[in-house]
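Student: Hi! Could you walk me through this model? I'd like to go piece by piece.

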Amino acid sequence: MTGENRNLFQNRYQTAQTPVSSRLPGFYELPIGQRREIVMGMGRLDRGHTHQLGDFGTLSAELVDVFIENGVGTFAMPLGIATNFLINGQDVLVPMAVEESSVVAAASHGAKLARAGGGFQTSSTAPVGTGQVQVFLRESCDYESILSAERQNLITYANEGHHRLLARGGGAQNISWRYIEALKSLVLYVDIDTRDAMGANMINTMCERLGKRMQELLPCEVGLRILTNLCDKRIARAHCKVPKEALSNREFNGAEVVERIEQAYLFAAHDVYRATTHNKGVMNGIDPVVIATGNDWRAVEAGAHAYSCRTGVYQPMTRWWKNSDGDLEGDIELPMALGTVGGVTTLHPTSQAALKILGSPNAQGLAEIVVAVGLAQNLSALRALASEGIQRGHMSLHESNLRLAQQKGAQRH
Ligand code: MEV
């Protein structure tokens, strides 16, 4: 603690006289231990309960402060391995960070069903993200001709200073635009191949540079300059086939289960309430891998749901159908902005371990694994829902959760 920080702490936050106010100027400058003291001093946390704020786990105090402002601890999340995944002929172990007890078991079960038909076949586009630069024209001008003539120069300008990215085959590749009449606003769309980085900072930096250039080219004010999370040029796909024999259970034969799963998909395709839950089940598989690898799951969620609305009607993220042999086939296609280098992915020790467990894929490989897990998760949920129901399997796994909660409740009373 620096002398200055110590004064800050003594003058403003001495626990005995701490006012109960959430105005805590300088809080961010204090070491974690002092921040905890302040929270306790405000009567918000019993001294005996600071352990609930966690130790640093695999992080250090320094990393906590890098990852978050005003850090006071860590939030532990279980990490499990989903098994049975065969993706493009390769066996893959899938680390998943999630607190819902049935998720890893269900992903593994879905992968086992798909394995019976040869596993998952996946593909993806190049990792091209898109940024937006909003421009308000002060007076009318022939922006169409100006921008068309300048397009290549703008791309070169955006790429300046990104030699390493260009050397790896990445960088800004295309610029397009459209005019939004209702806003009297021109919007530039910049497509940037970010290679193995998720690339948010890279895209935002390029957009801000292009914003400045716009002011030189056009009579305009510049509005927002930011990436879009609807990265519909950065797509990952997975497909699987499940022989009907693999789907039979106590209640139904395999052919019946195939038809019931197809019906379950059609229900989601025709009913937005069901589509939302169907897609929640898909994200049950996707988010835990995104989290375990240190990627931005809010960005992935935003992109996945927006993409599911691309026809104007919110649709299921997966499709299931009975093929001409009477077997089940399914596929998934989602935007997937993931990185395997940079940011949390590089700094978080557990993300590094997760990527190693996955076989050190590049960004495209990781995106493909992630959508395959989403498809497996959905398959498992639909198989259960369309036959014995979800509660039998779900509740047997959830039981230990409930038992623990009851024990804790009893201790409290
Ligand atoms: C529960 O977390 C997810 C499910 O509701 C998904 C679904 O209904 O398809 C089981």
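Predicted model: local features only at pLDDT ≥ 70, side-chain atom pairs only at ≥ 80, totals over all residues.

Student: OK, let's turn to aromatic pairs. How many are there?

Tutor: The count comes to two aromatic pairs. In one of them, the ring centres of phenylalanine 85 and phenylalanine 120 are 5.7 Å apart. Their planes meet at 20 degrees, so this pair is stacked.

Student: Where in the chain do those two phenylalanines sit?

Tutor: Phenylalanine 85 is in strand S1 (residues 79–87) and phenylalanine 120 is in strand S3 (residues 120–124). They are 35 residues apart, and the pair links distant parts of the chain. Phenylalanine 85 counts as buried, at 0% relative accessibility. Phenylalanine 120 counts as buried too, with 0% relative accessibility.

Student: What about tyrosine 143 and tyrosine 179, what do they form?

Tutor: Those two tyrosines form a stacked aromatic pair, with 5.9 Å from centre to centre and 20 degrees between the planes. Tyrosine 143 belongs to helix H5 (residues 143–159) and tyrosine 179 to strand S5 (residues 171–180), so the pair ties together parts that are 36 residues apart in sequence.

Student: Switching to charges over rings: which arginine lies over the face of tyrosine 157?

Tutor: Arginine 209 does, at 4.2 Å from the ring centre. Arginine 213 also lies over the face of tyrosine 157, at 5.7 Å from the ring centre.

Student: Nice. Now the ligand: which residues are around it?

Tutor: The residues around the ligand are Glu100, Arg274, Thr277, His278, Lys280, Gly281, Asn284, Ala381, Leu385 and Ile390. By type, the shell divides into three nonpolar, four polar and three charged residues.

Student: Which helix gives the largest share of that shell?

Tutor: That's H9, with six residues. Helix H9 (272–292) and helix H13 (363–385) each supply at least two residues of the shell.

Student: What is 2.7 Å from an oxygen atom of the ligand?

Tutor: One such atom is an N or O in the side chain of glutamate 100. The side chain of arginine 274 also has an N or O atom 2.7 Å from a ligand oxygen. For asparagine 284, the distance from a side-chain N or O atom to an oxygen of the ligand is 2.8 Å.

Student: How much of the ligand does the protein bury?

Tutor: The ligand exposes 300 Å² when taken alone, and the protein buries 84% of that.

Student: Let's look at the backbone. What is the phi of asparagine 84?

Tutor: Asparagine 84 has a positive phi of about 75 degrees, although it is not a glycine. Most residues other than glycine have a negative phi. Asparagine 84 is located in strand S1 and counts as partly exposed, at 27% relative accessibility.

Student: And arginine 195, what is its phi near?

Tutor: The phi of arginine 195 is near 50 degrees, again a positive value in a residue other than glycine. Arginine 195 lies in the loop between strand S6 (185–193) and helix H7 (200–217). With a relative accessible area of 23%, arginine 195 is partly exposed.

Student: Another loop question: where does proline 316 lie?

Tutor: Proline 316 lies in the loop between helix H10 (297–307) and strand S9 (318–322). Its relative accessible area is 11%, and proline 316 is buried.

Student: Last one, the whole chain. How many helices and strands are there?

Tutor: The chain has 14 helices and ten strands. Its C-alpha atoms fill a box of roughly 70 × 70 × 40 Å along the principal axes. Of the 413 residues in the chain, 45% are buried.

Definitions and conventions: Residues numbered from 1 in each chain as written. Heavy atoms only, no water. Near = heavy atom within 4 Å. Polar contact = N/O pair within 3.5 Å; in protein donor to acceptor, adjacent residues only side chain to side chain. Areas by Shrake-Rupley, 256 points an atom, 1.4 Å probe, with all protein chains shown as cover. Helix = DSSP H or I, 4+ residues; strand = E, 2+ residues; numbered from the N terminus. Nonpolar A, V, L, I, M, F, W, Y, C, P; charged D, E, K, R; others polar. Phe/Tyr/Trp six-rings, centres within 6.5 Å; stacked < 30°, edge-to-face > 60°. Buried < 20%, exposed > 50% of the residue type's maximum accessible area, 1.4 Å probe, protein only. Lys NZ or Arg CZ within 6 Å of the ring centre and 35° of its normal.
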